[in-house]
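Here are some exercises to work through with the model open beside you. Try each task before reading its solution.

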Amino acid sequence: MKTVTIKTDRLILRKATENDIPAAFCNWMSDEKSAEFLRHPAHRDISVTENALKKWIGRYKDLDYYRWVIILKEINEPIGTISAGGIDEKTKKINIGYCIGSRWWHCGYTSEALTAALTFFFEQVKVKRIEGQHDPNNPNSGKVMKKCGMLYEGTLRQADWSNKGIVDTCIYGIVAADYWDMAHKSCIGAGA
C-alpha cells in the first residue's frame, strides 16, 4: 500500500505538496503549543517547514510510507498531519502519531482523522495492531486515542524524548479483532 487520499465529513487526508508549505508553517509547524510535546521545536523560519515537507514528499515513493496532511474542507488548507511508521512484518504492527494546529484543538478534527487512518490501516493495509503514545502531561492526546477505540495499555517510565527532554510515555493500542468488533457495533468502517 501507500499514502492514499482519504475523505471524511469535514476533512481530506492527502499527500503533502510543495503548495502546502506556507499553510503548514502558519497553521501548525510554527505553533509553539502544537510543538510542546513533539521531538522538534516549533519552526521559526519557513525554510525549516519547506525542508520538512520536501523530505515527506520524497518519501512517498516508498510503499510503506504513510504521511498525510489534514485538510480542513471548510478552509481548504492543511491544519495538521497524521503519519504512521513502517509496518513490523512479523507482528503486522504500526505506530501512529498526529499533530494539529492549536487553533483547531477540541473540535473533533484529530479524532476524525485518526478514525479514518485506523479504518484505512485495518481495512486496506490489513495491519493486526496499531499503537500510539503520548506524554502523560499531554492527556488530550490520550483522549483522542481513547475516543477512537484505542485502549490504554500502560505508562513506560522515561521511555521517550521530546522538547521536554526524557519523558514517560503512555501507550495505547488497538488490535484488528477489537477494531472489527467496534466497526460492526457502530457501523463505522467495514464498508459503511
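**Exercise 1. Work out how covered strand β4 is, and how β4 pairs with the strands beside it.**

Step 1. Seven of the eight residues of β4 are buried, so to speak mostly covered; buried means under 20% relative accessible area, exposed over 50% and partly exposed in between, with a 1.4 Å probe and protein chains only. This is a predicted model, in which local features need pLDDT of at least 70 and side-chain atom pairs count only at pLDDT 80 or more, while totals for chains, interfaces and linings use all residues. Residues are numbered from 1 along each chain as its sequence is written, and side-chain values use heavy atoms, leaving out hydrogens and water.Step 2. Seven bridges connect β3 to β4, and the two run antiparallel. Strands pair if DSSP finds at least two bridges between them; strands (E, at least two residues) and helices (H or I, at least four) are DSSP runs, numbered from the N terminus. Across this pairing, R67 faces S83 of β4.

Step 3. Look at the β3-β4 hairpin: four residues separate the strands, and N76 has a positive phi near 55°.

Step 4. Now turn to β5. Five bridges pair β4 with β5 in the antiparallel sense, and I82 has Y98 in β5 as its bridge partner.

**Exercise 2. Place the strands in their sheet and find what α4 touches.**

Step 1. The open sheet has eight strands, in the order β1-β2-β3-β4-β5-β6-β8-β7, with mixed pairing.

Step 2. β1 (6-7) and β7 (151-162) are the edge strands; each has a single partner, so one side of each lacks a neighbour in the sheet.

Step 3. β6 (residues 129-134) and β8 (residues 165-175) run antiparallel and are joined by six bridges. In this pairing, E131 is opposite G173 of β8.

Step 4. Helix α4 packs on the sheet and touches β1, β2 (11-14), β3, β4 (77-84), β5 (93-100), β6 and β8, where contact means heavy atoms within 4.5 Å. The direction of α4 makes about 155° with that of β5; axes are lines fitted to C-alpha atoms, for helices over the stretch in contact, and angles run from 0 to 180 degrees between N-to-C directions.

**Exercise 3. Describe the aromatic pairs made by Y66.**

Step 1. There are ten aromatic pairs in the structure. Rings of Phe, Tyr and Trp (its six-membered ring) pair if their centres lie within 6.5 Å, and planes under 30 degrees apart count as stacked, over 60 as edge-to-face and the rest as tilted.

Step 2. Y66 and W68 are stacked, at 6.3 Å centre to centre with 25° between the planes. Both residues are buried.

Step 3. For Y66 and F121, the centres are 4.9 Å apart and the planes stand at 85°, so this pair is edge-to-face. Y66 belongs to strand β3 (residues 66-72) and F121 to helix α4 (residues 109-125), so the pair ties together parts 55 residues apart in sequence.

Step 4. Check the burial: Y66 has 2% relative accessibility and F121 has 0%. Y66, W68, F120 and F121 make up one aromatic cluster.

**Exercise 4. Sort the buried and exposed residues of α5.**

Step 1. In α5 (residues 139-147), the buried residues include S141, G142, V144 and M145. Viewed down the helix axis, the buried residues of α5 fall within an arc of 155°, so they line one face; the arc is that of the directions from the helix axis to the C-beta atoms.

Step 2. K143, K146 and K147 are exposed on the other side of α5.

Step 3. Among the elements covering the buried residues of α5 are β5, α4, β6 and β8. After α5 comes G149, with a positive phi near 95°.
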